[in-house]
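Here are a few friendly notes to read alongside the model. I have kept them to side-chain pairs and their surroundings.

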Amino acid sequence: MRVFPQSLRWRLSAVIAVVSAVLAVGLSLLVRTEFSRVQLSDARRLQDERIQLVVRDYGLTGRASLGSRMDSPDVPRELREAVRGGRRATYLERTPNDAWIWAAAETNGHVLSLRSPYTDRDEALRQLDNALILGSAGVLVLASVLGVLLGARLSKRLRRAAVAARRVADGDATLTVGSEIGARPRDETTELAQAVDAMAAALRERLVAEQRVTADIAHELRTPVTGLVTAAELLPPSRPAELVRDRVSALRSLVEDILEVARLDTATEQAELVAVPLGEFVSRRVPGAVVEDSSTVRTDPRRLERVLVNLLQNAERHGAPPVVVSVEGTTIRVRDHGPGFPEELLRDGPSRFRTADPNRSDGHGLGLTIALAQARVLSAELRLANAVDGGAEVVVALPSAP
């Protein structure tokens, strides 16, 4: 169970709210403490001035004035001990119902005391507490709203940047992350978008250069390979001639595959989509295919046939019989009963010029690469897996026809 919100928007809002709450509580406690201290200090000073007047008047007239009392039994013990030796002192006494501020002084061995109510100052302190509580609540609400707004703005920019980055990764060369999130404000998000755009541009240039080199090499090889094929056909029948023709045929197939990969890499291939009954389409090309439930799909028959042929060739070369092809709805499933796909192939996907068994001489590792690229052109999903009871399994999920 997730305890903390995962969205950056709510994390930022929560942090701002917590910090604001801590600051509001801290400042409120500081203000209350200082106000209480000043209030008590002022009350003590006033009461001390009054007891001085009372002592002076008592020395002149011999009477206790201003409501003072001589040797009052109500004087707190702490205050009585504090004034011994002819000193003056003040004392705050709190009871369950009242609060009193005392002042006392010792004169001629007697304690002259004066008491005044302190409840009015406690009432002022309670009013301050209410004001601080309301102010802290207002600050917390305002900070939370501000945090939500700031978090929402930042989260929105980051989400738009993530969506744009995915579209760039999918091959949209006309899009930049910076243009999607805007140039204002110029914060860390803008810098990140500029860095991503620069990285994407550099990678795109490298990819285009590699694609151009691959295509140029394949085109340059096509003419001499065609000549080799013609020359091999003119050789007199013999075992060496058969070996030459076999190797020349493999070289020609490799060149054609490289040219196809180069065309697919440009991301300019367009499918000619038509409505195709999938079960009938597969049954005509794969005798013995199991059609459980056929649907009509919108696809390019030529490209779909290329995908199917490549998957069958891969199963026959690297798997073991029987190779079973089944159709269910808009899904084609090709399964063999061999050792299955290697773990690195399932983890990283098909890689060019990498075969399941590097010791085998047939195949160049381009079959699954071409099938995956053609499926992408068809807006289909191609999934590789190993069956539970052994063997490799490839699933091609096609979009259904409207």
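Is Arg 303 buried or exposed?

1. Arg 303 is buried, at 4% relative accessibility (buried means under 20% relative accessible area, exposed over 50%, partly exposed in between, with a 1.4 Å probe and protein chains only). Its salt-bridge partner is Asp 300, with the closest N and O atoms 3.5 Å apart (a salt bridge is a side-chain nitrogen of Lys or Arg within 4 Å of a carboxyl oxygen of Asp or Glu). Asp 300 is buried too, with a relative accessible area of 4%.

2. A word on the basis: this is a predicted model, where local features need pLDDT of at least 70 and side-chain atom pairs count only at pLDDT 80 or more, while totals for chains, interfaces and linings use all residues. Residues are numbered from 1 along each chain as its sequence is written, and side-chain values use heavy atoms, leaving out hydrogens and water.

3. Arg 333 and Glu 393 also form a salt bridge, at 3.5 Å from N to O. Arg 333 belongs to strand E9 and Glu 393 to strand E11, so the pair ties together parts 60 residues apart in sequence (strands, E, at least two residues, and helices, H or I, at least four, are DSSP runs numbered from the N terminus). Arg 333 is partly exposed at 30%, whereas Glu 393 is buried at 19%.

4. Within helix H2, Glu 81 and Arg 77 sit four residues apart, about one turn. Their salt bridge has its closest N and O atoms 3.4 Å apart. Glu 81 is partly exposed at 37%, and Arg 77 is exposed at 54%.
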